[in-house]
Amino acid sequence: MIDWDALTAELQGIEVISDPNQVAKLSQDYHTFSPILQAQLDGKKGDLVVRPTTEAEVMQVATTCVKYRVPVTIRGAGTGNYGQCVPLHGGVVLDMSRMQAIRWIKSGVARVEAGVKLAALDKKARETGWEMRMVPSTYRTATIGGFIAGGSGGIGSINYGQLRDRGNINAIRVVTMEDEPKAIELRGDDIHKVNHAWGINGIITELEIPLGAAYPWTEVIVTFASFMAAAHFGQALGDADGMIKKLISIFAWSIPSYFGARQYIPDGTHAALLMVAEPSLELLPGLVQEYGGCITYQRSQQDAGKKFNLAEFTWNHTTLHARSANPNITYLQSLFPADKNLQIVDHMYRYFGDEVMMHLEFIRVGGRTVPAALQLVQYTTEERLNEIIRYHEEHGVFIANPHTYIIEDGGRKVIDPEQMKFKQMVDPYGLLNPGKIKALMRS
């Protein structure tokens with residue numbers, strides 16, 4: 001049995017939350033998007049929440065938890081969707097959201113603590129002529145540490161690809177969970193030992209990330225009578241290397257019916273939600289006309305903060321809006337093959353109809369613009385959902401399954417051997433987010 005009073009006493013000076021309701025709340029994320037995860041993770045929670053403010057306090061927590069052999073599940077803002085920060089075996093939930101220092105921003109690079117909110121970092125960077133290269137749709141609340149540990153890409157991925165692509169993260173500093181914890185800085189390709197590892201390979205305390213040149217972005221809605229016309233328009237805009245853009249999101253009707261911006265999207269039409277740099281805006285109407293579209297909404301960056309932000313209807317915020325209206329909706333995460341990608345999109349759109357509503361996000365993969373997707377699924381049974389996933393995979397569509405809390409069963413398929421070696425070094429007792437790696441369950 002763990003002596004929680006003794007453990008808490010050794011954390012003197014650090015905020016500790018023991019109220020059961022607060023602990024339960026801070027043990028959750030948005031895994032409820034998945035009816036399967038909702039059932040599997042129901043009732044899972046930590047015993048305590050600890051909120052450090054410095055790396056020294058993180059070291060104190062690590063030392064104490066190793067001493068008492070207590071599991072540690074790391075949390076940012078809890079905006080993930082796969083149960084990454086849900087503790088399967090109780091223990092300490094380590095809430096990093098109070099570590100909010102922006103160390104420096106210079107020459108297109110930022111050094112920050114793990115709890116810095118993405119919106120705060122982006123605002124500060126823009127004061128120097130730079131901005132974050134990519135952010136999720138949860139950028140207002142998400143933390144940089146949580147994004148790196150649990151995310152993969154987002155708004156801006158049309159230019160910079162995904163977080164895993166070389167050059168999108170310069171350095172990650174982590175605290176280990178050894179008998180004598182230490183801080184390790186990983187740079188270059190070594191960052192992949194921790195990137196998108198769900199907090200199993202060390203406690204991220206600081207990050208160094210490259211920034212992108214800041215542009216004044218104009219938000220635009222374009223509507224189309226045909227979904228595939230909208231999809232081909234998205235591909236053409238993505239392929240237009242001379243046009244500067246940050247977001248190309250394509251939605252089949254009836255997804256736009258769930259949006260607060262729907263007054264700009266006539267019933268039965270299909271929509272493109274865009275962020276285009278002002279210097280490229282003059283070129284947009286010609287491309288829209290070429291694909292039979294109609295610009296129904298346009299807002300300059302000077303008007304930011306008025307009405308709504310289109311970015312918050314895209315990526316997985318789309319699922320959030322849809323589920324607010326219909327809780328039986330869930331989603332998939334897909335990447336269409338580079339060759340014949342729109343042909344396969346067309347096939348899936350027609351084959352499944354309203355059961356699987358098409359939502360495309362164009363991103364850059366291996367130097368090419370390709371459609372990723374976060375399709376909305378009218379959920380009936382787990383068996384039917386698995387049939388839908390299998391059908392996509394049989395047609396060459398890569399599915400990063402958002403209905404599992406196991407790393408390998410999601411997007412990884414196989415855990416990186418280098419990550420496993422690093423875990424054995426930094427977490428010899430297997431205390432960090434236990435139960436999320438299939439390979440360790442077999443050993």
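Leu274 touches Thr218, Glu219, Val220, Val222, Phe233, Leu237, Leu247, Ile248, Leu284 and Leu310, leaving out residues up to four places away in sequence; contact means heavy atoms within 4.5 Å. This is a predicted model, in which local features need pLDDT of at least 70, side-chain atom pairs count only at pLDDT 80 or more, and totals for chains, interfaces and linings use all residues. Residues are numbered from 1 along each chain as its sequence is written, and side-chain values use heavy atoms, with hydrogens and water left out.

**Nonpolar cores**

- Leu274 is one of the residues that touch the most other members of the largest nonpolar core, which has 43 residues.
- Phe227, Phe233, Leu284, Phe336 and Leu360 are also in that group.
- A nonpolar core is a set of buried Ala, Val, Leu, Ile, Met, Phe, Trp, Tyr and Cys residues joined through side-chain atoms within 4.5 Å.
- Buried means under 20% relative accessible area, exposed over 50%, and partly exposed in between (1.4 Å probe, protein chains only).
- Elements giving two or more residues to this core include the strands β11 (217-224), β12 (245-251), β13 (270-277) and β18 (359-365).
- The helices α8 (227-239), α9 (284-290), α11 (341-352) and α12 (382-394) also give two or more.
- Helices (H or I, at least four residues) and strands (E, at least two) are DSSP runs, numbered from the N terminus.
- α8 gives the most to this core, with 7 residues.
- A second, separate core has 42 residues, among them Ile144, Phe147, Val194 and Leu211.
- In soluble globular proteins, nonpolar side chains tend to be buried together.

**Helix packing**

- α8 and α11 pack at about 155°, with their axes 11 Å apart.
- Axes are lines fitted to C-alpha atoms, for helices over the stretch in contact, and angles run from 0 to 180 degrees between N-to-C directions.
- α8 and α11 are therefore roughly antiparallel to each other.
- Angles under 35 degrees count as roughly parallel, over 145 as roughly antiparallel, 65 to 115 as roughly perpendicular and the rest as oblique.
- The α8 and α11 crossing is right-handed.
- A crossing is right-handed if the near helix is turned clockwise from the far one by less than a right angle, and left-handed if anticlockwise.
- From α8, Phe227, Met228, Ala231, His232 and Gln235 meet Asn341, Leu342, Val345, Asp346, Tyr349 and Arg350 of α11.
- The axes of α11 and α12 come within 12 Å and cross at roughly 150°, so this pair is also roughly antiparallel.
- α11 passes α12 in a right-handed crossing.
- Here His347, Met348, Tyr351 and Phe352 of α11 meet Arg384, Ile388, Tyr391 and His392 of α12.

**His403**

- His403 is in the loop between β21 (398-399) and α13 (408-412).
- His403 is buried, at 6% relative accessible area.
- Beyond its neighbours within four places in sequence, His403 is in contact with Ser34, Ile36, Leu37, Thr330, Tyr331, Leu332 and Leu385.
- Ile36 is 367 residues from His403 in sequence, yet their C-alpha atoms are 6.1 Å apart.
- A polar atom of the His403 side chain lies 2.8 Å from the backbone oxygen of Tyr331.
- A polar contact is a pair of N or O atoms within 3.5 Å; within protein, one must be able to donate a hydrogen and the other to accept it, and residues adjacent in sequence count only if both atoms are side-chain atoms.

**Helix α10 and Arg323**

- The buried residues of α10 (residues 317-325) are His317, Thr318, Thr319, Ala322 and Arg323.
- These buried residues pack against β12, β15 (329-331), β18 and β20 (376-378).
- Arg323 counts as buried at 18% relative accessibility.
- Arg323 touches Thr32, Phe33 and Ile329, not counting residues up to four places away in sequence.
- The backbone oxygen of Ile329 is 2.9 Å from a polar atom of the Arg323 side chain.

**Ser157**

- Ser157 is in helix α7 (residues 157-160) and is buried, at 1% relative accessibility.
- Its side chain reaches the backbone oxygen of Gly161 at 2.7 Å.

**Positive phi**

- Ser107 has phi near 50°, a positive value in a residue other than glycine.
- Ser107 lies in the loop between β5 (102-106) and β6 (109-113) and is exposed, at 72% relative accessibility.
- Trp198 has phi near 60°, also positive.
- Trp198 lies in the loop between β9 (183-187) and β10 (203-213) and is buried, at 7% relative accessibility.
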